[in-house]
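Subject: Model for your review

Hi,

Here is the structure we talked about. Please look it over, then read my notes below.

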Amino acid sequence: MTLSFETLAKQFDSLTQRPSSDYDAFNVDADQLVALCEHLRDKEGFSLLVDVAGIDWNDQSPRFSVAYHLYSVIKQCYVRLVCACVGDESPEVPSIVSVWPAANWHERETYDMFGIHFKGHPDLRRILMWDDYKYHPLRKEFPLAGIEDELPAADVRERVDANVIAAPMMGGPFYAQAADHMSQREPSAADQSWAESNPKRD
Amino acid sequence: MATQQKEINLGDNSARYQSEVPGETMSLNMGPSHPATHGVLRLKLELDGDFITKCDPVIGYLHRGDEKIAENMTYNQFVPYTDRLDYLAPLHNNVTYAIAVEKLAGLEMPPRCEAIRVICCELARISSHLLGIGVYGMDAGAFTIFLYTFTEREKLYTLFEELTGARLTTSYTRIGGLMRDIPEGWLGRVNNFINQLGPILEEVDGLLTRNTIWMKRTEGVCPISKEDALAYGLTGPNLRASGVDADLRRDKPYSGYENYDFEIPIGTSGDCYDRYLVRMEEIRQSMSIVRQAIEKMPDGPWYAEEAKKIFPPRKDKILTKMEELIQNFMIVTEGPQIPPGEVYFEAENPKGVLGFFIVSKGGGVPYRMKIRGPSFCSLSILPKVMPGLMITDVPIVLGSLDFVMGECDR
């Protein structure tokens, strides 16, 4: 362990230790995130931001978290920072693009997939999905099959008169879900949005 | 009209552009189907004459939602999807993914399994770099290189086919072991391949490395400084070409890499030529690692025997013993039982560092899996380095960064 939690906690009072299966991991409040990142980069040598990952905790509050993984080329160690987003309806965290430009695309992707707003991001727009897309696909309520939607380009839409359709899930990945009753533990697709018993989505 | 000749300082891209008198700009759309973009990358370029003033990469044309898919299937069911991340080095993706999940489960692999995985990783690296250099040369007009490297890659694919049953979609690893042991005599054939690769690599080296046209096209083009490379999260050969001495195989050894001797090539200026040199040298080092691994290939089991709820028992036991049959049934229907926790593991893939961040709540299905694709980060530096370059440099820069859209878009 190359990072001392005590010395860090003196400077950043919102810092708490986070259970982790591998490296040092800390929870940090949104308002101290940027200062902590700057400190870690300048004083502790974490020069490389390797990953930014959004997490949707579904029915918990705060619902969304963002996990940052930093790597120090000199000390050869990792640290994970997890920042809970402010607000469950329109989640928000400060952007760290000013600390590592690498965060630019990572944050755009997290915004695209989870709808988490990064305050202070210079160019927050979708990156993997198209600009007019209405949903945030990695949120837990979004079905694996997808939702039927209009084609991205208006001119193509007019000509072909077709939509982006949801994937047929009847052959979808099957596995036994954890359930109390034996009868419910029959291997089945996790995404049941296609099932006969469900009302049809419009 | 008389042709104007200007002194161009190749070293500083931004200064090069600023010394020009700005004229009318033109926007050019490059891709998503363009041979030099090696996949479905689209670049929105602003041009002032031959110079690029702005570059906006548009990605996502190959987005399949792998992270969403991962949340909806068991750990073993996801292995084939990892083939399709960096589809030029599928074996390495398999290994990285397997180690990430095993780390969460706290499993140690037996030495034979680790050695086989190292051979897989290094052969995948050789295959990926051979393709990388081949198409990089072809983009610059050196078509012959492509023929040499592709012939070698073809032989390598035959070896992969013998090992895994598939040439491209290998899906060789399982959580807690491998699909099967190596076939008889396979190591000898790998050794033969490595032995005959050496002279051919020398030939490629002779054709390209000191070739004047090649050097003029690549030397001093698009230098990326150490600081920029780190700030934009470049990894792998691209980071090392910029002069940063970082290689996870040495710094954070996994799968027994600490038992092998190899050197890590480092570039100086981080230009396109350096990125080529680093890859050439990495092939040679990989050849040396494969030789060492073949030499001291240990005997013993090739899967973790103590991992009762993770790795299915052997087929003959499944068909004859009740307990093993139940165990196999549970692993197939419910998936390998992985304890709850959060784990991040990354390994030195040919294109850079491929990382898996797995949040598990227990059971056979991950709660959240984030895939960190190295190509995604390599491409994010384009808006920074492209302005000031000439339009003819674009294929060179793209070829030198050696990205693959499969893992960029996921």
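Leu70(A) has contacts beyond its neighbours within four places in sequence: Leu40(A), Phe46(A), Leu48(A), Leu49(A), Val50(A), Tyr78(A) and Val79(A). Contact here means that the C-beta atoms of two residues, placed from the backbone, lie within 7 Å. Leu70(A) and Val101(B) have the most contacts inside the largest nonpolar core, which has 161 residues. Such a core is a set of buried Ala, Val, Leu, Ile, Met, Phe, Trp, Tyr and Cys residues joined through C-beta atoms within 7 Å. Helix H5 (residues 111–139) of chain B gives the largest share of this core, 16 residues. Nonpolar side chains tend to be buried together in soluble globular proteins.

The ground rules: this is a predicted model, where local features need pLDDT of at least 70 and side-chain atom pairs count only at pLDDT 80 or more, while totals for chains, interfaces and linings use all residues. Residues are numbered from 1 along each chain as its sequence is written, and chains are lettered from A and ligands numbered from 1 in the order in which they are written.

Chain A
Chain A has four helices and eleven strands. These are DSSP runs numbered from the N terminus, helices (H or I) of at least four residues and strands (E) of at least two. Of its 202 residues, 33% count as buried. Buried means 20 or more other C-beta atoms within 10 Å of the residue's own, with exposed at 12 or fewer and partly exposed in between; C-beta atoms are placed from the backbone. The radius of gyration of chain A is 21 Å, whereas a compact globule of 202 residues would have one near 17 Å. That radius is taken over C-alpha atoms, and the globule rule is 2.2 Å times the number of residues to the power 0.38.

Strands pair if DSSP finds at least two bridges between them. E2 (residues 24–28) and E5 (residues 77–84) of chain A run parallel over five bridges. Phe26(A) is opposite Leu81(A) in E5(A).

Chain B
Chain B has domain 1 (13–58) and domain 2 (66–307 + 338–409) by the assignment. In contact are 20 residues of domain 1 of chain B and 18 of domain 2 of chain B. E3(B) supplies the largest share of the domain 1 side, seven residues. Strand E2 (residues 42–48) and strand E3 (residues 51–58) of chain B pair antiparallel over seven bridges. Leu45(B) faces Cys55(B) across that pairing. In their hairpin, with two residues between the strands, Gly49(B) has a positive phi near 65°.

Between the chains
How many residues of chain B are in contact with chain A? There are 42, and they meet 35 residues of chain A. E6(B) gives the most to the chain B side, five residues. That side divides into 16 nonpolar, 14 polar and twelve charged residues. Nonpolar covers Ala, Val, Leu, Ile, Met, Phe, Trp, Tyr, Cys and Pro; charged covers Asp, Glu, Lys and Arg; the others, Gly among them, are polar.

Best wishes

Technical notes
Domains from an automatic or database assignment.
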